[in-house]
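Dear colleague,

Please find below the structure that I am handing over to you. My findings follow it, and I would be grateful if you read them with the structure open.

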Amino acid sequence: MTKHTTYLGLGSNLGDRLANLLTALEALHPMATSSIYETDPWGYTEQDPFLNLVTQIETELSPQALLQHLKHIEQEVGRRATFRYGPREIDIDVLLYDDLLLDEDGLTIPHPRLHERAFMLRPLADLAPDLIVPPGNQSVTELLAALDQSGIRPFRIPEAADD
């Protein structure tokens, strides 16, 4: 079977945000993972900040099968239905899948708003700054340079307290 290089965006702003991300990552078996960033909410701004990261995986799953797998992981982590751009325990988005261009019901690749989301491009730049993003064929770095990054802060994982 063919392995596909895929970049996924993960975000959480409900509950134990860090634990939610780490639980999802454990289920994804990533090849590489970006730093974690705390970001201002996007879309609906009257909510708590998010923790965001991007992870690179290899998968043999088709795009639709991958989407179903990600929805299952979201449920396992505890995601409950809210409103568009609302708060969530975990959100996992397919950002890129090889160099595929796909527009199907419920799944568009590359992610249709990737080029406007600094909170996803910043961590993606940690992993693949020179990656060319279709359909505009600009690099991640070029796309990121065109956006306001002021709401993105590196997240420091708290050190465990000594007993």
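Apart from its neighbours within four places in sequence, asparagine 20 is in contact with Ser12, Leu14, Gly15, Val77, Glu89 and Ile90. Please keep in mind that this is a predicted model. Asparagine 20 belongs to helix H1, which covers residues 17-28. Is asparagine 20 buried or exposed? Its relative accessibility is 10%, and buried means under 20%, so asparagine 20 counts as buried.

One of the contacts of asparagine 20 is Ile90, which I describe next. Isoleucine 90 is found in the loop between helix H2 (63-77) and S5. Because its relative accessibility is 0%, isoleucine 90 counts as buried. Residues up to four places away in sequence not counted, isoleucine 90 touches Gly11, Asn20, Leu21, Ala24, Glu74, Val77 and Arg79. Between the C-alpha atoms of isoleucine 90 and histidine 4 there are 23 Å, and the two residues are 86 residues apart along the chain.

H2 consists of 15 residues and spans 21 Å from its first C-alpha to its last, close to the 21 Å expected at 1.5 Å a residue. Which residues of H2 are buried? They are Pro63, Leu66, Leu67, Leu70, Ile73, Glu74 and Val77. These residues cover an arc of only 120 degrees around the axis, and therefore they lie on the same side of H2. Gln68, Gln75 and Glu76, on the other side of H2, are exposed. The partners against which the buried residues of H2 pack are S1, H1, S4, S5, strand S6 (102-104) and strand S7 (107-109). Just after H2, glycine 78 adopts a positive phi of about 115 degrees.

Of the 7 residues of strand S5 (residues 91-97), 7 are buried, so the strand is largely enclosed by the rest of the structure. S5 pairs with strand S1 (residues 4-12) in the antiparallel sense, over 6 bridges. In this pairing, tyrosine 7 stands opposite leucine 96 in S5.

Lastly, I turn to helix H3. In helix H3 (residues 118-127), 7 of the 10 residues are buried, so H3 is largely enclosed by the rest of the structure. Among these buried residues are Phe119, Met120, Leu121 and Leu124. The buried residues of H3 pack against several elements, including S1, strand S4 (50-59), S5 and helix H4 (140-145).

Yours sincerely

Technical notes
Residues are numbered from 1 along each chain as its sequence is written. This is a predicted model: local features need pLDDT of at least 70, side-chain atom pairs count only at pLDDT 80 or more; totals for chains, interfaces and linings use all residues. Side-chain values use heavy atoms; hydrogens and water are left out. Buried means under 20% relative accessible area, exposed over 50%, partly exposed in between (1.4 Å probe, protein chains only). Helices (H or I, at least four residues) and strands (E, at least two) are DSSP runs, numbered from the N terminus. Two strands pair if DSSP finds at least two bridges between them. Contact means heavy atoms within 4.5 Å. The expected span of a helix is 1.5 Å times one less than its number of residues. The arc is that of the directions from the helix axis to the C-beta atoms.
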